Every structure is written in structure tokens, then in C-alpha cells.
Amino acid sequence: MTTYTALTSVGGRHAADRLGEALEALRPAPTAIGVTEAEDNSDTWEVGAYFVDPPDSISLALLSAAYDTAGFAISELPDRDWVSLVWRELKPVEAGRFFVHGAHDAEKVPAGRVALRIEAAMAFGTGHHGTTLGCLRALNRLIDDGLSAKSVVDIGCGTAVLAMAAARTWPHAVYASDIDPVAVEVAQENVRANGLENRVICLEATGINHPTLDRANAFDLVFANILKAPLLALAPDIARVLIADGHAILSGILNEQADEVVEFYQIFGFNTLHREVIVDWTTLTLIKSG
């Protein structure tokens, strides 16, 4: 299978991270994105995206102008497992007690940490993105505050890293749902790699619309790391399935969108416990009033 790359450089880590996040919204979507520092002590960062289909050169030119970068160099590459290659270059992610790593870094897990192994695959959620990292940190805070969740669902689960983090923490089964069948397959592979087959139940579902989730009925913790529009659309359903004093961890929210999400969820009886900003993204921890 032919792979296409789009590579550029930009000054400063912050700008490079923002450009990497912006590349995720391209259509056709990249299968992987890499951000690496040049080895010349110039604070220059290389940003690369990998595509199965030829990338849209006009969109790349607009991004280059918006982020004041050198123009993207687009190349056609021979058949290689570029997703795995980029994933091997990523460092493990630490979020409180959680340590997210690839198979190649399994020996680097510090003592006493909750290890979460993520396989290289085409699904969102390695912990490197500010939204996933924010959700893991939010979960870590709730655990530190004494939360003991008995029924958890991860909506739009991607790799299922959040569902697995909950399953590593509490003894009850956790549900992980995604609208994308590829993401569900990836989630199942990660669940098996972490020995959580009987603990994390992966489902293909639109939001909470699934018979298994209907039977589960009442949750005390809901993750929804998606985007603003589906978060707003899901607000009534999340309010319906959460028990009184249940928690919702929401992300995929640009900083300038956070107030709108907070205000909308207040209509359905939610109060804000915590708000964390990581680069351009906000993660909200909400509690449903009793």
C-alpha cells in the first residue's frame, strides 16, 4: 500500500504541537502524526503527517500559512508500517499514577505505576494528545479524591485507554463504545494486550445507543473524549444514564468552546468540579447534581 508524507518545520515546541493537532482535522485524515525536535539546538521542530490517500495540498498550504511554517514537502513512500514506526518514536506518557506505553517500552514502566499498553494502530488515544492526557489526569484526581466507581462507560473510546485505566483501578466491568468499527477492533486488541478481556466490554455504538448499555442503565462515571458538537448532542443521554452525584469527564473541547459546553451541561444539572487546559484543549470534570 502506498503511503504519502507531508513534512514541514516550525520554530518552538508549542507551535509544533498546535500544528500537529491541526493536522488531525484534515480530510483525508492522516493515519499518524509525528512531532520531533531537530538535533541542532535551534528549537526547530519537524512536523510530519502520514496518509493512505494523497493529502490535500491546498489544505496543507493554508495550515502552513496559518502557523507560519516552511511549506509542506509531500512525498510518496514505499510500503512500510508507518503507524508502527511513528508510534515507536513516541515516548511513554505519564499522567499521575498512569503510564501509557507501547510494547517497545514495556520494560520502562516505573514501580508502582498503572501500566497501560497501547498497540500501534489507526485509532485515537495514545495519551500524547492533550485531550486524552487531560482525561487521564482527571481520572487520577477523582481517584485521589476517593471516587470508587462501580459502573463506567467510555464513549468514543478510540484505543480504549480510558476504559482500561478505569478497569485497572476498580474491579467492575467497564464499557467502551465507539461509532467507528475500526476503533472498536483496535480497542479490542488493546484490551487483549492488557489482559482485560473480561473487564472491558467493547461495543460499536452511536453514543449510548446500544442494548448492552441500555441494560447497564445507571453509570457513576462517563468518559466522552470526542468533539464539541457530539458532546452537546449527548448531554441529555449522559444526564439520563448518570446516577445522582455521578461524574462526567469530557474532552475534545477547544479552549474557546469550554464555556459553551459548561453552560449547556448546566441545563441538564451538571456542575463543574475541575477544568484543565493543555495547549489548545480543555478537559472538564463535571458532577451531576443529586
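# Exercises on burial, salt bridges and contacts

Asp 280 is buried, since its relative accessible area is 18%, where buried stands for under 20% relative accessible area, exposed for over 50%, and partly exposed for what is in between (1.4 Å probe, protein chains only). The model is predicted, so that local features need pLDDT of at least 70 and side-chain atom pairs count only at pLDDT 80 or more, whereas totals for chains, interfaces and linings use all residues. Residues are numbered from 1 along each chain as its sequence is written, and side-chain values use heavy atoms, with hydrogens and water left out.

**Exercise 1.** Find the residue with which Asp 280 forms a salt bridge, and state which parts of the chain the pair links.

*Solution.* Begin with the term: a salt bridge is a side-chain nitrogen of Lys or Arg within 4 Å of a carboxyl oxygen of Asp or Glu. The partner of Asp 280 is Arg 18, and the closest N and O atoms of the two are 3.0 Å apart. Next, locate both residues: Asp 280 is in the loop between strand 13 (270-278) and strand 14 (281-288), while Arg 18 is in helix 1 (residues 13-23), so that the pair links distant parts of the chain, 262 residues apart. Helices (H or I, at least four residues) and strands (E, at least two) are DSSP runs, numbered from the N terminus. Finally, look at the cover: Arg 18, at 32% relative accessibility, counts as partly exposed.

**Exercise 2.** Decide whether Leu 242 is buried or exposed, and list its contacts beyond four places in sequence.

*Solution.* Leu 242 is found in strand 12 (residues 242-254), and its relative accessible area of 3% makes it buried. Contact means heavy atoms within 4.5 Å. Leaving aside neighbours within four places in sequence, Leu 242 is in contact with Phe 219, Asp 220, Leu 221, Val 222, His 247, Ala 248, Phe 270 and Lys 288.

**Exercise 3.** State how many residues of helix 5 are buried, and what share of the protein chain is buried.

*Solution.* Helix 5 (residues 161-169) is mostly covered, with 7 of its 9 residues buried; among them are Val 161, Leu 162 and Met 164. For the whole protein chain of 290 residues, buried residues make up 50%. This chain has 9 helices and 14 strands.
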